[in-house]
Amino acid sequence: MRIRLRPPESGDAEAIYRAMQDPGTIGWLPNLPMPYLRADAEGFLQAAAGGPDRVIEADGAFAGMIRTGPDLGYWLARECRGRGIMLRAAQVALVTYFAGAGETVTASHLVDNLASRRVLRRLGFRDIGPEPIPGRGGGEGLPGRAMELNANDFSAALAIRTQRCCIDRLTDADLPEMHRIFTAPDTARMLLRFQVGMPFGDLAAMIRPIMDPLRRRMRMAIRREGRLIGSIGVHDGDAPSIYYALAPEVAGQGLGSEIVPVFCDTVQDWFGLETLKAEVFQDNPASRRILEKAGFVVTGEDSVNSLGRDGPAPGWLMQRG
């Protein structure tokens, strides 16, 4: 699934109007008129021009709206709920905001809107107390909760979940296990910058600057049942590329094919990347198959260097749109 945020357009009026006919949508938005008319949608779009409101598109289709910037707000059309769309859309908005040196974000929800609260908690928001939410037509305020988020809490909470694994922020506590995995002979020779016998301090110095997932050059932990089993990341440059490694003892379990497509979809959404590239040694056909299942295609061949090998070896160059 791919998620994109874009400025609203006049053609969105029908989708907004239809969404607001669902009581389960407009019921959580007490500041909107009820009944909600087509003219209300058109008026909103005129007022929203040039502002922080964005349309959420899921695989190219209208899914809802999100207000970006220091005050987060959102809604999803009924048919789009339960698919992880809102969490990903909010991640995209917040990655962009904090990458632009934003400091804190606030949000609020009606006390009964537990679904919205769960999304905010998964994003790292902290409860800061009660906050009345204005009712329709300026009526009496409704019971609500105010929440707040800073960049560090968001980075710590930022995660990508697959069927069996969680991809989240690396910490110093992960470095010894990373050292074990990355310097194992069968692993190091398939990577570029690691080798058997590499001192722990050298690996730590290499990994620590790229442990923040809010940066486009980053590396994240792959965990299964809470245990580190590998890592995956993005190298930022003229052509952003991905790299990943799994512990030898979990090979052959289909985890790479589970993790890589979801990671690629997500980071392309987070950072607005049109393409991703990868390099694979030709004596590692299993990795090529994983990348092909994730949408990569071979674009050429070249010699690839690895510190885990005695010299350059033939490799495939691959790209994902």
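Start by selecting Thr104 in this predicted model: directly opposite Thr104 you will find Asn150, a residue of strand β7. Now extend the selection to both strands. β7 covers residues 144-150, and seven bridges join this strand to β5, with the two running antiparallel.

Next, bring in β6 to see the whole sheet. Its three strands lie in the order β5-β7-β6, the sheet is open, and the pairing is antiparallel. Which strands stand at the edges? They are β5 (104-110) and β6 (126-130); each has a single partner strand, so one side of each is left without a neighbour in the sheet.

α4 touches β5 and β7, and the direction of α4 makes about 150° with that of β5. Helix α5, residues 114-123, touches β5, β6 and β7; the direction of α5 makes about 20° with that of β7.

In soluble globular proteins, nonpolar side chains tend to be buried together. The largest such core in this model has 93 residues, and Phe125, Ile242, Phe263 and Trp270 are those with the most contacts inside it. Which helix gives the most to this core? Select residues 85-99: this is α4, which contributes eleven residues.

Leaving aside neighbours within four places in sequence, Ile242 is in contact with residues including Gly233, Val234, Val260, Phe263 and Cys264. Among the other contacts of Ile242 are Leu276, Lys277, Ala278, Leu291 and Phe296.

Methods:
Residues numbered from 1 in each chain as written. Predicted model: local features only at pLDDT ≥ 70, side-chain atom pairs only at ≥ 80, totals over all residues. Heavy atoms only, no water. Core = buried A, V, L, I, M, F, W, Y, C linked by side-chain atoms within 4.5 Å. Buried < 20%, exposed > 50% of the residue type's maximum accessible area, 1.4 Å probe, protein only. Helix = DSSP H or I, 4+ residues; strand = E, 2+ residues; numbered from the N terminus. Contact = heavy atoms within 4.5 Å. Pairing = 2+ DSSP bridges. Axes fitted to C-alpha atoms, helices over the stretch in contact; angles between N-to-C directions.
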